[in-house]
Amino acid sequence: MNLEPVILAIESSCDETSAAVLIGRKVLSNIIAGQTVHEKYGGVVPELASRAHQSNIVPVVHQALTEANLKLPDIDAIAYTRGPGLLGSLMVGSSFAKSLSMTLGTPIIGVNHMQAHILAHFIEGQKHGKTPSFPLLCLTVSGGHTQIVLVRSPSDMKIVGETIDDAAGEAFDKAAKVLGLPYPGGPLVDRHSKDGDSMKYKFTTPRLEGLDYSFSGLKTSLLYFLRDNSKDETFVQQELANICASYQRTLVDYLLLQLEKAAKQQGIAELCIAGGVSANSELRSKFLKMCDNNGWKGYIPDFTYCTDNAGMIGIAAYFKYLNQDFSELSDSPMARIDWGRL
Ligand code: KG4
Ligand code: ZN
């Protein structure tokens with residue numbers, strides 16, 4: 001078996017069209033085309049996302065191959081995101097991958113997007129130069145998901161805790177929206193927080209039994225806070241940094257509280273964070289501090305591999321390739337995937 005396969009990976013689960021070429025665990029190219037069309041709507045419009053994927057996919061794949069200095073016949077397998085995600089968006093990437101696989105006669109590998117976020121840690125050549133070992137615990141925080149996952153191997157993952165309502169990314173984006181910031185607001189809340197006093201305002205998070213999360217109360221507490229202070233029209237403008245910093249501190253501390261509890265319960269000392277929200281500067285620094293304080297090893301992927309990208313789809317497919325775990329052309333994309341709780 002080829003232990004260093006060349007994999008062309010395609011990601012199209014939400015509003016990023018991405019293609020990457022990997023050889024083994026090394027990423028040769030990772031092209032990401034964002035979609036600015038959603039900005040004015042304050043969130044992703046599924047129909048517009050599918051259309052944008054449709055026009056981006058050919059140039060993005062072409063550029064990925066060009067940058068990798070490879071041609072289609074060099075590819076050993078084609079990987080694509082099977083789900084979870086927006087169905088219309090997933091269909092563009094999966095149909096493209098299947099057509100290419102039929103034309104070239106190469107195997108095809110469907111990948112779980114959330115598991116790929118976790119496996120991004122195993123891409124070679126990242127700045128920190130460290131690769132976690134199994135078993136590990138990963139906090140996966142994105143626009144659609146918030147999960148604590150126990151990972152025993154690339155093919156053995158179980159959810160030990162997850163949100164019962166909004167995702168952490170949604171909690172960032174919705175807060176940004178009511179503060180008048182454009183979509184996606186997470187990175188902007190992060191930026192404004194740097195100039196604010198994080199202890200100035202108090203927002204609330206529920207203390208759930210076990211390892212689950214709930215973010216709807218936090219969002220509501222921000223809404224009530226803004227309503228109570230709405231008499232002064234300039235309040236949000238003047239206090240934006242302090243509100244962002246206080247809100248972000250509450251959210252980040254809550255994420256880490258449950259993660260710390262999970263690590264102690266499971267007796268795991270290898271900890272990771274993944275997904276778009278793991279790009280958050282406060283989460284990154286507090287996560288590493290928490291690991292240090294407990295004598296655990298903490299891992300964070302490079303920024304490029306935190307938010308949606310095809311490099312992570314490629315690495316997840318690489319592990320499946322080693323197990324000869326290929327997909328069928330008849331497999332259909334899945335908006336939701338239930339992959340098991342511990
Ligand atoms: O993983 P991702 O790129 O896409 C999904 O699979 O959902 O995550 C996107 C989410 C968005 O909610 C975005 O606001 C959030 O990640 N995000 C951040 C930061 N960068 C991206 N949230 C907080 N701070 C950031 N720096
Ligand atoms: Zn994602």
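## Close-up views of a predicted model

**View 1. Zinc site.** In sequence, the donor residues of the zinc ion (ligand 2) follow the spacing H-x3-H-x190-D. The pair His 117 and Asp 308 links distant parts of the chain, 191 residues apart. His 117 sits in helix H3 (residues 113-119). Asp 308 sits in the loop between strand E10 (297-299) and H9. Three residues coordinate the zinc ion (ligand 2): His 113 through NE2, His 117 through NE2 and Asp 308 through OD. The distances run from 2.0 to 2.1 Å. Both His 117 and Asp 308 are buried. The model shown here and in every other view is predicted.

**View 2. Five-stranded sheet.** The sheet is open, with five strands in the order E3-E2-E1-E4-E5 and mixed pairing. Which strands stand at the edges? They are strand E3 (26-33) and strand E5 (108-112). Each has a single partner strand, so one side of each is left without a neighbour in the sheet. On average, neighbouring strands of this sheet are turned by 20° against each other, direction ignored.

**View 3. Pairing of E1 with E4, and the helices on the sheet.** Strand E1 (residues 6-11) and strand E4 (residues 77-83) run parallel, joined by four bridges. Ile 7 has Ala 77 in E4 as its bridge partner. Helix H9 (residues 310-322) packs on the sheet and touches E1, E2, E3, E4 and E5. The direction of H9 makes about 130° with that of E1. Helix H1 (residues 46-68) lies across E1, strand E2 (17-23) and E3. H1 runs at about 25° to E2.

**View 4. Glu 67 in helix H1.** Glu 67 belongs to helix H1. Is Glu 67 buried, partly exposed or exposed? Its relative accessibility is 49%, so Glu 67 counts as partly exposed; the exposed class starts over 50%. Not counting residues up to four places away in sequence, Glu 67 touches Leu 28, Ser 29 and Ile 31. Val 21 is 46 residues from Glu 67 along the chain, with 8.8 Å between their C-alpha atoms.

View 5. Asp 166 lies in the loop between strand E8 (156-162) and helix H4 (168-178). Why does Asp 166 count as buried? Its relative accessibility is 9%, and buried means under 20%. The side chains of Asp 166 and Lys 219 make a polar contact at 2.9 Å. Leaving aside neighbours within four places in sequence, Asp 166 is in contact with Lys 174, Phe 215, Ser 216 and Lys 219.

Methods
Residues numbered from 1 in each chain as written. Chains lettered and ligands numbered in written order. Predicted model: local features only at pLDDT ≥ 70, side-chain atom pairs only at ≥ 80, totals over all residues. Heavy atoms only, no water. Helix = DSSP H or I, 4+ residues; strand = E, 2+ residues; numbered from the N terminus. Buried < 20%, exposed > 50% of the residue type's maximum accessible area, 1.4 Å probe, protein only. Polar contact = N/O pair within 3.5 Å; in protein donor to acceptor, adjacent residues only side chain to side chain. Contact = heavy atoms within 4.5 Å. Pairing = 2+ DSSP bridges. Axes fitted to C-alpha atoms, helices over the stretch in contact; angles between N-to-C directions. Donors = N, O, S within 2.8 Å, 3.2 Å for Na, K, Ca; no water.
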